[in-house]
Amino acid sequence: MADLERQTPSDDPSSCCSVGHTKAPCGNDPSRTSSAHCASTEPASSKSASTQSASTQSASTQSASTQSASTQSASTKNAPTDSTSAATPEGTQRLDVIVDEMCCPTEERVLRKALNSLPGVEQLTFDTMQHRLTIHHRNVDRRAVASRIQEAGMTARFLDQAKQEPPRDSASLPWARLAVAGALALGAEVTGWLGLGVPWLAALLAIIAIAMVGLPTWKKGLLALRQGTLNINALMSVAVTGAMLIGHWSEAAMVIVLFTLAEHLEARSLERARRAISGLLDLAPPMARVRDESAAEANRWREIKAEEVRPGTLVRVFAGERLALDGEIVRGEASLDEAPITGESLPRERGPGDTVYAGSINLSGDLDYRVTRDASDTTLARIIHAVEDAQSRRAPTQRTIDRFAAVYTPVVFVLALVVAVGWPLLGLGPWLDGVYRALVLLVIACPCALVISTPVTVVSGLGAAARQGILIKGGAFLEQATRLTHLAMDKTGTLTEGKPHLVSACAIGNTSDKDCHRLAVALAERSNHPVSRALVVGLGAQPDVSLEQVEERSGRGLVAREATSDTDMAARLWLGNGRLARDMGVDDTVLLSHGPTDDAAGVVWLGRDANVLGSFKVRDALRPSSKAAIKRLHRQGVKVSVLSGDTQSRVDAIALEAGIDEAFGELLPEDKLEHLDALAKRGTTGMVGDGINDAPALARADVGIAMGAAGSDVAIETADIALMNDDPASLPRLIDLARTTRRLLVQNIALALGIKAVFLALALTGNATLWMAVFADLGSSLLVVGNGLRILTYRTES
């Protein structure tokens, strides 16, 4: 409804088309004569006329012109530089491939090298967390793609085929085989330590253990070395082979067993992060109970697959069941748990005409609703798709870590070669001692823990946010949210409920209350604007006036003539704001003498030609959670401003009531952009609006946040962050979650780098063994994965 507040600054913006935009109610000016009859209507009829259709109709005209511009602006704002979020080449086809072996940037580089030279390949996008490779191409044969991937030592499953198969775990081995290999490796260590048996017994046990679990690693390592890639498999293969060549059989076996075990555990841990979002799909049942239109009986129902149900079909859901599809209720009332969509734990009461979402739980009563979207296009499905897309976009920190890792591994590898060759040449010890220290350095050279520390934390943070009803469009915006210092908010529908209600009505001059009410209702009924609906509901009068030549003037109100034998000569009736009153010849002194005294409310004027017949005070209440949300934002160090097209006095009143730092009223859309630019000079700035009418402002801010996005395709597509509910309390929750994710991310990077630094020093001083290095490397990987997954259990303060 933000578009309903944008007015010309010099004008009085109170209107049937503007949610009442002047100072508010029936005033108490002592100079007023006794002919002004005031009647309060708030207690009984303040039930708001919440006609979303009006705001939608109003928004549709503006969003058509602003959406393309805002989308274009948003597409360039904070645009990551890597290919994971580059613009899709025009005229290309898309091919999604699941590569189970792809789990870090080293495999990405191998695949990029293998596929970039394939004719027709235009762009490659990698999502290592989901093992997904997206190829934008021009008529490339699938078999050629599969062949190139196989030559790189990996397997390709095309997405349409992968959906038919259970997910594969590339690091998995039977636990029994792993246990036996571990026992053999431990036996080799004990035999060597205690000097038991013949000298070759330890070597035999070690060789058997390596053969049981190490051959896959060796195979992948040799392939990587042949391609000139230093990944974990290559480093581990060289280390194990080197240990065997210098006679450290038991350590070679222990290294490969511990490595395989850690890989197995790490893969299982990462799978939990991957399923944080895809698990939401299970919230929508696969079957739906639909009315059988072909049956002879009028009320016969049958269950079919949800994916087969088409829009317009009638679906019935009983108490205790989940909704399979989005729709609109046509019969029944029930309490629905919409937590999968909005993140709100409290149920919502829904009835005929209300929108319902797939995944919601019907807590009471039975409902019939008409389906409005296919199963693949439900709000829940679009949320999952948007988050999966966000997961594939690298955060700035991740790109920095990847660049560091690309340099770190070759540097440590060269350092290992220098140690192996230079140790005996410099007289620091025997050459076998130098080679052993070099092998330990090779194990430490793997940057897995460091590389995985960022994506696992960011992906878990995105998943936790989605479960709280917060849709974040990528790690870059998650990081931006941690740095927010200023938050600019729209007023109507964001801070306030966006559902105006009538507070009081005043008949002026010789006009009776009855005439005032019936004329106002006759005009208001001809508009779908929320303020007009509020007057109709609040006054409750039965209009007995026939109108013709009805004209709705944008930003002003309604003008019509009473139907008579000579309509053209009839007096003009009008209902609108102060600008319309002045257009009709009303003097400003008249408006001031009858103006409202409540700055938080607005006034709508009724008149005939140049005579004012009455005034109506309309108020849009502050949301119940707005005050508490602003207080929490202040505690988080975020300053809050309100940007509105409403009059400055009303904006000031709302700001004072909510505890907002700065209030700017009477702003046109371009004025909001100027204020955002000014705020951006003070620090990272976010803009909060409805995602439709505020699209340009959302695009201009460092972080654009759309509220109440569950029913808005535009908000989900264009906003950087979409709050699926319309509760301002989600704003401090978003910042708290983002900062918690950032804190875990910093901890993970510090752990990974710290452990590497310690063991580099231990290796160079001869105080680290091969199996200790494996413990350090793979142990740190498990540590950062476990720490990153903690965000999935995030719970905000109430």
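Guide: Two packed helices are described by the angle between their axes and the distance between the axes. In this predicted model, helix 16 (residues 475-482) packs against helix 27 at an angle of about 105 degrees, and their axes are 8 Å apart. Helix 16 is therefore roughly perpendicular to helix 27. Angles under 35 degrees count as roughly parallel, over 145 as roughly antiparallel, 65 to 115 as roughly perpendicular and the rest as oblique. Axes are lines fitted to C-alpha atoms, for helices over the stretch in contact, and angles run from 0 to 180 degrees between N-to-C directions. Helices (H or I, at least four residues) and strands (E, at least two) are DSSP runs, numbered from the N terminus.

Visitor: Which residues of helix 16 and helix 27 make the contact?

Guide: Helix 16 contributes Leu478, Glu479, Ala481 and Thr482, while helix 27 contributes Ile735, Leu737, Ala738, Arg739, Thr741, Arg742 and Leu745. Contact means heavy atoms within 4.5 Å.

Visitor: At what angle do helix 13 and helix 14 pack?

Guide: The angle between helix 13 and helix 14 is about 170 degrees, with 7 Å between their axes. These two helices are therefore roughly antiparallel to each other. Among the residues of helix 13 that meet helix 14 are Tyr408, Val412, Phe413 and Trp423. On the side of helix 14, the residues include Trp431, Val435, Leu441 and Ile444.

Visitor: How should I read a nonpolar core, and which residues of the largest one touch the most other members?

Guide: A nonpolar core is a set of buried Ala, Val, Leu, Ile, Met, Phe, Trp, Tyr and Cys residues joined through side-chain atoms within 4.5 Å. Buried means under 20% relative accessible area, exposed over 50%, partly exposed in between (1.4 Å probe, protein chains only). The largest core here has 53 residues, and Met236, Ile256, Val440, Ile444, Leu770 and Val774 touch the most other members. Elements that give two or more residues to this core include helix 9 (232-245), helix 10 (249-278), helix 14 (431-444) and helix 28 (770-789). A second, separate core has 38 residues, among them Ala655, Ile705, Leu731 and Ile735.

Visitor: What does Ile444 contact, leaving aside its neighbours within four places in sequence?

Guide: With those neighbours left aside, Ile444 is in contact with Tyr408, Lys756, Phe759, Leu760, Ala763 and Ala773.

Visitor: How far apart in sequence and in space are Gly683 and His486?

Guide: They are 197 residues apart in sequence, yet 6.8 Å apart in space, C-alpha to C-alpha. Gly683 is placed in the loop between helix 24 (669-680) and strand 25 (684-689). Beyond four places in sequence, its contacts are Thr485, His486 and Asp702. For the chain, 71% of contacts between residues at least 6 apart in sequence join residues at least 24 apart.

Visitor: Where does Ile755 lie?

Guide: Ile755 belongs to helix 27. Its relative accessible area is 22%, so Ile755 is partly exposed.

Visitor: What is the mean pLDDT of the chain?

Guide: The term pLDDT is the predictor's confidence in each residue, from 0 to 100. The chain has a mean of 77, and 78% of its residues reach 70 or more. Over residues 1-76 the pLDDT stays under 50, and over residues 78-85 it is also below 50.

Visitor: Which conventions apply to these values?

Guide: Residues are numbered from 1 along each chain as its sequence is written, and side-chain values use heavy atoms, with hydrogens and water left out. As this is a predicted model, local features need pLDDT of at least 70 and side-chain atom pairs count only at pLDDT 80 or more, while totals for chains, interfaces and linings use all residues.
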